[in-house]
Amino acid sequence: MKSSLKRQIKELVRRIDFPMLVYIYETGRIVAMSKRAEQLIGEKCSNINTIWEGKGKQKFSKEVLTNGSIVLYQRYITNKKDRLVIDLEVSSLDLSEEHVMIVLFEESYKRPFCKIYRKRIPRITWRNKKMELLGCNTFLEKDVERRFIEEKFVLSEGEEYKMSDIRSRQEKLLKTQEGQFDLLEEVKVEDNATSFARVNRISLSNKNGTSVGILTMYTLILDDEVFQAFQDEIQRENNILSEAIKRSNWIAVTWEKGAEGIVDYISPNVVKWGYTLQEFYEGKLTWKDIIVKEDYPLFKYKNTVSEGVKESALVIEYRIRKKDDEIIWVKDETIECTMGDSTKYKQGILAEIEKTKEEKEKQNEYSKENLWKDKVRRNSNKLPVEKS
């Protein structure tokens with residue numbers, strides 16, 4: 001990598017208020033670290049391979065290395081003082097002769113890439129010199145469709161960019177190779193909502209120093225005092241919750257209300273049921289999927305009638321199907337909560353329980369009756385209304 005590109009990357013990362021580092025995949029050599037990343041792994045760390053568990057190279061698939069991006073959950077890293085469990089996002093810029101890896105580390109100590117913290121995560125795109133999109137990080141792709149990424153940027157005055165204006169700015173960057181830093185622009189993200197962002201762009205160059213593309217990062221601007229106070233409170237709660245879960249046999253889960261059990265957070269010890277965090281966080285499984293089919297109507301009904309009741313927990317017993325198809329009984333104590341972005345969630349603490357043969361038979365009959373009633377209710381809603 002040319003020294004001029006190193007300098008630009010260091011200047012870019014220095015301006016990012018998030019745990020981030022950039023390294024070369026082939027050697028593991030760290031090119032740049034943000035202040036928050038230095039606090040996490042140590043400012044003297046020069047090779048990322050020294051922090052992975054086992055002190056070896058973290059390998060990625062060809063799909064990821066070819067301008068891809070991936071989120072990895074519950075990975076162990078070590079620094080001089082501690083052995084930490086983190087989540088991280090890795091994006092790969094394929095520069096032909098080498099792969100430049102951009103790593104975003106956890107920030108929340110719970111699940112940093114949940115909706116609350118997602119607004120704080122830098123969005124990243126990289127393009128070739130023809131301005132064709134080569135790749136973007138996971139969280140930009142979650143905001144907008146890839147084909148609309150360029151069109152989501154507008155001027156701070158509210159006037160929309162024309163493609164010619166965008167190309168003119170990008171062509172200037174490619175020609176001068178002078179980074180464009182701390183630009184204030186409006187961006188449209190989830191649900192077409194508008195927010196201000198701090199935008200930074202640099203020119204990517206090959207080993208000969210020729211411009212081959214552009215790397216862009218933007219960070220949504222939040223009120224720092226409000227965010228810090230909110231973050232501190234959440235971290236204190238999470239530390240207490242994590243310690244309690246470690247010392248117990250509980251499983252904690254948070255799912256978005258009205259979203260058919262889409263999981264926003266689940267404690268790592270769900271692995272004892274045979275499931276992985278990735279299956280829930282990537283949307284391959286919902287909470288509904290692991291509840292025994294006959295018990296789900298009762299689960300759904302009780303959660304529906306308890307909506308809006310925040311003073312006390314909903315207590316319900318139902319069956320869970322483990323990965324190996326074993327059926328277990330759980331006692332679920334669930335409360336309703338509203339998170340930072342006003343989205344309503346259900347947060348439950350589950351404990352496995354034993355039931356007598358008589359209790360199981362009684363519950364089975366009750367679940368079958370509720371399943372039948374649920375089918376009748378759904379079918380009746382589909383009946384055509386007769387005209388008089």
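User: Is Gln 177 buried, exposed or partly exposed?

Analyst: Burial is read from relative accessible area: buried is under 20%, exposed over 50%, and partly exposed in between, using a 1.4 Å probe and protein chains only. Here Gln 177 is partly exposed, at 25%. This is a predicted model, where local features need pLDDT of at least 70, side-chain atom pairs count only at pLDDT 80 or more, and totals for chains, interfaces and linings use all residues. Residues are numbered from 1 along each chain as its sequence is written, and side-chain values use heavy atoms, with hydrogens and water left out.

User: Where is Gln 177 found?

Analyst: Helices (H or I, at least four residues) and strands (E, at least two) are DSSP runs numbered from the N terminus. Gln 177 sits in the loop between α6 (163–176) and β9 (180–188), and has a positive phi of about 60 degrees although it is not a glycine.

User: And Asn 67, buried or exposed?

Analyst: Asn 67 is buried, with a relative accessible area of 16%. The loop between α3 (62–65) and β3 (69–78) holds Asn 67, a non-glycine with a positive phi of about 60 degrees.

User: Which side chain of opposite charge is nearest to Glu 98?

Analyst: Lys and Arg count as positive, Asp and Glu as negative, with His and the chain ends not counted. A salt bridge needs a side-chain nitrogen of Lys or Arg within 4 Å of a carboxyl oxygen of Asp or Glu. For Glu 98 the nearest is Arg 29, 5.3 Å away, and Glu 98 is buried yet has no salt bridge. Glu 98 lies in the loop between β4 (83–94) and β5 (99–105).
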